[in-house]
Amino acid sequence: MDDLLQEFIAETRETLEALSGEIVAWEADPTDRARLDAIFRFVHTVKGSCGFLDLPRLARLSHAAEDVLAAVRDGKRVPDTALVNAVLAIVDRIGEIVEAIDSGAGLDDSSEDLLIAALAEDARPAALAHTANVPRASSRSVRLNVDLLDRMMSGMSEMVLARNELARRLRDEAVDPLVEAALERLSLTVAEMRDTVTRTRMQKIDALFSALPRMVRDTAGELGKQVALSIDGSDVELDREMIELMRDPLVHIIRNAVDHGIEAPADRKAAGKREAGRLIVSARQSGNQILIEIADDGRGIDVERLVIKARQQKLVPEADLAAMDETARLDLIFHPGLSSRDTVTAISGRGVGMDVVRANIEHIGGRIHLSNQPGRGLTIVIYVPLTLSIMSTIVVGVGDQRFAIARQSVDEILRVRGESVRIDTIGDAAVATVRGRRLPLVSLGRLLGIGTPDGEANRTLAIISTRDGEYALAIDDVIDTEELVVKPAAPSVMATGVYAGQTLPDSGLPMLLLDGSGIATIAGLRFTRIIASEDEEVAGDRVEAIPALLFEDLDGQRRALPLAAIDRVEPVSTDAIRLTAGQWRLAIGGALVPLHSAAPIGDRTEVPVLRLTDGTTEIAYAIDEPIEIVQLPAEIAPARGSGPIAGVVIIDGEQVELLDAHALFSAEWQPQARDRLCWLHVDGSGWMETFLRPMLEASGYRCVTQPPRDAPADVVLTMDADAITPGIARHVVRLRRDPIDPAGGASIYRYDRAALLEALACAVGGR
Amino acid sequence: MELFLIAQIAGRGVAIETGQVDSVVDIAQIVAVPRAEAAVRGLVALRSRVVTVIDTGTALGLDATPDGARRAVITRVDGHPYAILVDALEDVATFERQPLSSGLALDRGWASVGVGLVERDGEPLLIVDLAALVPQTVATAGASPQPLAA
């Protein structure tokens, strides 16, 4: 919530700064419609955010100003000087309150009634309240211009290329090992920097979605409606700027959906729907775009009504209106100043949203599309370009060329060997049979006319999933996985239909990103279920089988782990693995993940790890080498002895240990911190803060160095003989510097850890 | 008087408006773009950008520019950077722009790229529009949304 508030403050501050010019211009010419719209949007946005952040004072002010501005827009009021002054006073006041919220200072609200009263038509010019001088709090975050980040990013790419060039040149000559070491260090720093710089621009769309459940709940609550919200695709990454710019449109659309779309429970029942409306918000990546879909099962848009309103308000010439097709008529919803509802509510107001929404989305090169089913719901799809997004890709080799494939479109990668994969030709078409499942096979080399089309090449299959179906793409090799910045390629390159964009990886050679769906189209694949149906019977037998990853463990054993527990398998640099605080940990993606391994990793520079997740906790398991995906037989011989082994299974006649995911995760479980408040009665030597505090916090005590204000501490630790005021702490534990207990002293030697912890436990236990 | 870059393309001297020229470079290793039309030689990294390389000979409907050609003029068309391969670069100088002589029948690709003439030491040189060398596509591929059901 604090984050959201901070963002609201920063945003409002920024808009206010941008708006100051508009305000002056509006003051000079109150009939200027564009300025009026800008100010209207500002108060509307503030109103929207306030309702959600629970800032009633701001909500009241902005709602009042919005009402008046709406009246001006509708031509019901004339923007005279008094009105302009009153509105500007409110805008100023909003700024003051925002500053006050930020600095935590109080601001009395006595004059706000006056400000609002001044908006009334018959109000006499009020003496404006003096502006309170609220000191600006220093901000904890910096808002940067994205241009700057762009420049940083391209500078970074230059740096990587320069490093590569340098490395290439040094490789050709015998160089001083010291120079090599320096280059090595440079490389590491550059790689780290690149990662950081890249991340400065990227954000999970979760940043946008996380606020939605609360907002939907509150909005629905205010309206007496029931709405079940489901969110999907929160981990899609999007350019930070895009996220910022998408925030308002999304809020508007969702408020509209709850307010106008979803009907009241009684109406829904009457219409034969479930009482609780459904709202589905999802994000996914498709080719070079991110799609954000907001679907509700409400009443949809009443298009006839839109037309009637447009006619009444004379928004569109009658002739144009008559000539409109259904799509164009539906698009009237985007017309400024038009709403399909007559009643004005505090939630979404007057349909002002949709024109702002479209303007914002088009501003970032996106598009918005409506799919309206009157009486059954409305689906809004927002298309946002992928430009500058970072994509997680798999780099594959065909002939002597390399291509990237978006990782999310690759289901699985397997080698053509052994029993699990078979390749046949049916008529002209090649078919790969993978564990009993038949998939159309496309040879990338043949499709692109490079490499050797058959035989020794095409040793590897990537199972590509598209929206229509799956197919196997035959490639020569999987080379690497890489996070890449993908940009659109030139039109003549995109026109081939097989590429989704281009990128410049660390190698310094441009690389093309393959478009999984495009390849299927070019290869002429038509997805029907016929191919799969032959195997239905087989599939029926296999319902019980659990797919698992077979791998060579570090201690030389073959082990398997159910696929469901594995998020992904990826090679990591052993530099990222350290024994810290009694446990091996892997630093990856800015987070620490506990790492398990069956044996020491040894002196290799890179090790494949299984990233395991149960949805909440993540752990890593280092292995020697992944082998293939197998089906676990139903019979598992139970394990004897300790260690994270669940049992032994037979796979291809070989004994394979089954790793116990449950044991791995349960080892991560730690008892909840007890969260007992411990007041350290510090003596100025700093001993308590530096020596004692970390130990206590690790043991689950929350430490403060000031006497707690609101509630008494559970225990106070002191080194003084002074009396502690009763009421501040429930228990007192006294420490002494001297190992020898002075006579009659009920104190504990300060390094007697066991006694100290026990005394504390006794003290808080008696609570 | 305008400033022109004098270059050799497909064995002929041509003039290029300097306003169209972003920079003049020797390009590095070209990465092919399978399935793209022949005039697209491939992609090349130019500092941190990826640039599409145009095989000028093929674009003009003449013999392909030799594989070893490395010298290129960088230009920008519709926001995308292109490297136009040239045989050689000769000079930058100001010339008087003249219209194409009437009755002059330019053959093949020259007709679509020639926009005028300059005269250097009595020798007429064709002014070439770099943008016309870039293959134009009518429809760009990509995920475009289906029209909404009416």
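Which residue in E26(A) does His596(A) stand opposite? The residue is Tyr621(A), and point 3 returns to this pair of strands.

1. Basis of the note. This is a predicted model, in which local features need pLDDT of at least 70, side-chain atom pairs count only at pLDDT 80 or more, and totals for chains, interfaces and linings use all residues. Residues are numbered from 1 along each chain as its sequence is written, while chains are lettered from A and ligands numbered from 1 in the order in which they are written.

2. Chain B overall. Chain B holds three helices and 10 strands (DSSP runs numbered from the N terminus, with helices being H or I of at least four residues and strands E of at least two). Along the sequence the pattern is β-β-β-β-β-α-β-β-β-α-β-β-α. Of the 150 residues in chain B, 36% are buried; a residue is buried if 20 or more other C-beta atoms lie within 10 Å of its own, exposed if 12 or fewer, and partly exposed in between, with C-beta atoms placed from the backbone. Counting contacts in chain B between residues at least 6 apart in sequence, 53% join residues at least 24 apart; a contact requires C-beta atoms, placed from the backbone, within 7 Å.

3. The six-strand sheet of chain A. Six strands form an open sheet with mixed pairing, in the order E21-E25-E26-E24-E23-E22 (chain A). Strand E21 (566-573) and strand E22 (577-580) of chain A are at the edges and have a single partner strand each, so one side of each is left without a neighbour in the sheet. From one strand to the next the twist averages 40° (axes are lines fitted to C-alpha atoms, for helices over the stretch in contact, and angles run from 0 to 180 degrees between N-to-C directions). Within this sheet, strand E24 (residues 591-597) and strand E26 (residues 618-622) of chain A pair in the parallel sense over three bridges; pairing requires that DSSP finds at least two bridges between two strands.

4. Strand E18 of chain A. Strand E18 (residues 511-514) of chain A is covered on both faces, with Met511(A) and Leu513(A) buried on one side and Leu512(A) and Leu514(A) buried on the other. In a regular strand the side chains alternate between the two faces of the sheet. Strand E9 (residues 401-406) of chain A runs parallel to E18(A) and is joined to it by three bridges, with Ile405(A) opposite Leu514(A). Strand E17 (residues 499-503) of chain A runs antiparallel to E18(A), with four bridges, and Gln502(A) has Leu512(A) as its bridge partner.

5. Strands E31 and E32 of chain A. Five of the six residues of strand E31 (residues 676-681) of chain A are buried. E31(A) runs parallel to strand E32 (residues 701-704) of chain A, and four bridges join the two. Cys678(A) has Cys703(A) in E32(A) as its bridge partner.

6. Nonpolar cores. The largest nonpolar core has 81 residues, and those with the most contacts inside it are Leu473(A), Leu514(A), Ile54(B) and Ile84(B). Such a core is a set of buried Ala, Val, Leu, Ile, Met, Phe, Trp, Tyr and Cys residues joined through C-beta atoms within 7 Å. Not counting residues up to four places away in sequence, Ile54(B) touches residues including Ala39(B), Tyr82(B), Ile84(B) and Leu133(B).

7. Contact between the chains. Chain A gives 37 residues to the contact and chain B gives 28 residues. Elements of chain A that give two or more residues to the side touching chain B include helix H6 (146-171), strand E6 (367-373) and strand E7 (377-385). The residues on that side of chain A are 16 nonpolar, 17 polar and four charged; Ala, Val, Leu, Ile, Met, Phe, Trp, Tyr, Cys and Pro count as nonpolar, Asp, Glu, Lys and Arg as charged, and the others, Gly among them, as polar.

8. Two loop residues in chain B. Ala10(B) lies in the loop between strand E1 (2-9) and strand E2 (12-17) of chain B, and its phi is near 50°, a positive value in a residue other than glycine. Ala10(B) counts as buried because it has 21 C-beta neighbours inside 10 Å. Asp121(B), in the loop between strand E9 (114-120) and strand E10 (123-128) of chain B, has a positive phi of about 50° although it is not a glycine. Asp121(B) counts as exposed, with 4 C-beta neighbours inside 10 Å.

Notes:
Contact = placed C-beta atoms within 7 Å.
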